[in-house]
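Please read it alongside the sequence and coordinates shown here.

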Amino acid sequence: MISRARYNGGETFADFMARPTKNHELWVAIYKRAAIPIEISARLEALGGHWHLLVLSEDWCGDAVNMVPLIARLTESVSNMDMRILARDENPDIMDAHLTGTSRSIPIVILLNQKFQECGWWGPRPRALQQWVIEKGLALPKEERYREIRTFYARGKGLTTLSEIVAMLEECCIRGPVDPTAEAAHFV
């Protein structure tokens, strides 16, 4: 399903940002503010090998605008990782293999090793935020729910997301690639 060619056919973050996007100013602002703590970069560098992050996303997604720029900064902060973005709506086969329950929620970050074998995936939100959405957020009016979600992202500055993605990589180094015929390891 995910081959080297398909991965390489995805957009780099620079390519993504160079084309017209919804909420372009917000994408730019979040990217400019994103900062990766040195401890996070050091943990990734210590893993060795080379890792690929394939992100399923869409420019209109509020969760994506808060996380994809941060993940791009993460990959830029280390020498052993790169990232490509594929549009969720143009890649239903990949999306349907990485559902959140029955939902095509994004962004989804798929971890591939240097042989482009899937080792796990993360998304669509940090664990604590996803739990809040399910337990309390869905009961709120949409505007209020999204205001709370934006507050979570602003308050945390992406540290929860970064920690969860790094933990996924560390686990994948121990466990190795997932069986392509089995359900991939989901880390949220």
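Lys157 is exposed, because its relative accessibility of 65% lies over the 50% limit. This residue belongs to the loop between α8 and α9, and its phi, near 50°, is positive although Lys157 is not a glycine. The model discussed here is a predicted one.

**Backbone geometry**

- Most residues other than glycine have a negative phi, and most peptide bonds are trans.
- Phe116 also has a positive phi, of about 65°, without being a glycine.
- The position of Phe116 is in the loop between β3 and β4.
- Phe116 is buried, because its relative accessible area of 8% falls under the 20% limit.
- A cis peptide bond links Ile106 to Pro107, with omega at about 0°.
- Pro107 is located in the loop that runs between α6 (92-96) and β3 (108-112).
- Another cis peptide bond leads from Gly123 to Pro124, and its omega is near 5°.
- Pro124 is found in the loop between β4 (118-122) and α7.

**Salt bridges**

- The whole structure contains nine salt bridges.
- One of them pairs the side chains of Arg43 and Glu170, with an N to O distance of 2.8 Å.
- Arg43 is in helix α4 (residues 38-46) and Glu170 is in helix α9, so this pair ties together parts that are 127 residues apart in sequence.
- Both partners are partly exposed: Arg43 has a relative accessibility of 31%, and Glu170 has one of 26%.
- Glu164 and Arg127 form a salt bridge in which the closest N and O atoms are 3.8 Å apart.
- Glu164 lies in helix α9 and Arg127 in helix α7, so here the parts tied together are 37 residues apart in sequence.
- Glu164 is buried at a relative accessible area of 9%, whereas Arg127 is partly exposed at 45%.
- Through shared partners, salt bridges join Glu11, Arg19 and Asp59 into one network.
- Within helix α5, Arg73 and Glu76 are three residues apart, about one turn of the helix.
- The salt bridge between Arg73 and Glu76 has its closest N and O atoms 3.5 Å apart.
- Arg73 is partly exposed, with a relative accessible area of 24%, and Glu76 is likewise partly exposed, at 44%.

**Largest pocket**

- The largest pocket holds about 820 Å³ of space.
- Its lining comprises 33 residues, of which Gly62, Asp63, Asn66, Ile149 and Tyr153 are the closest to the centre of the pocket.
- Two or more lining residues come from each of these elements: α3 (24-33), α5 (62-76), α7 (127-135), α8 (142-156) and α9 (159-175).
- By residue class, the lining divides into 18 nonpolar, seven polar and eight charged residues.

- Helix α9 contains Glu170, the partner of Arg43 in α4, and Glu164, the partner of Arg127 in α7.
- Helices α5, α7 and α9 are among the elements that give two or more residues to the lining of the largest pocket.
- Helix α5 also contains both Arg73 and Glu76.
- Helix α8 contributes to the lining of the largest pocket as well, and the loop between α8 and α9 contains Lys157.

Key
Residues numbered from 1 in each chain as written. Predicted model: local features only at pLDDT ≥ 70, side-chain atom pairs only at ≥ 80, totals over all residues. Heavy atoms only, no water. 1 Å grid on protein atoms, 1.4 Å probe; cavity = no way out; pocket = protein on both sides within 12 Å on 5 of 7 lines; lining within 4 Å. Points joined across faces, edges and corners; volume = space filled by probe spheres on them. Helix = DSSP H or I, 4+ residues; strand = E, 2+ residues; numbered from the N terminus. Nonpolar A, V, L, I, M, F, W, Y, C, P; charged D, E, K, R; others polar. Buried < 20%, exposed > 50% of the residue type's maximum accessible area, 1.4 Å probe, protein only. Salt bridge = Lys/Arg side-chain N within 4 Å of Asp/Glu carboxyl O.
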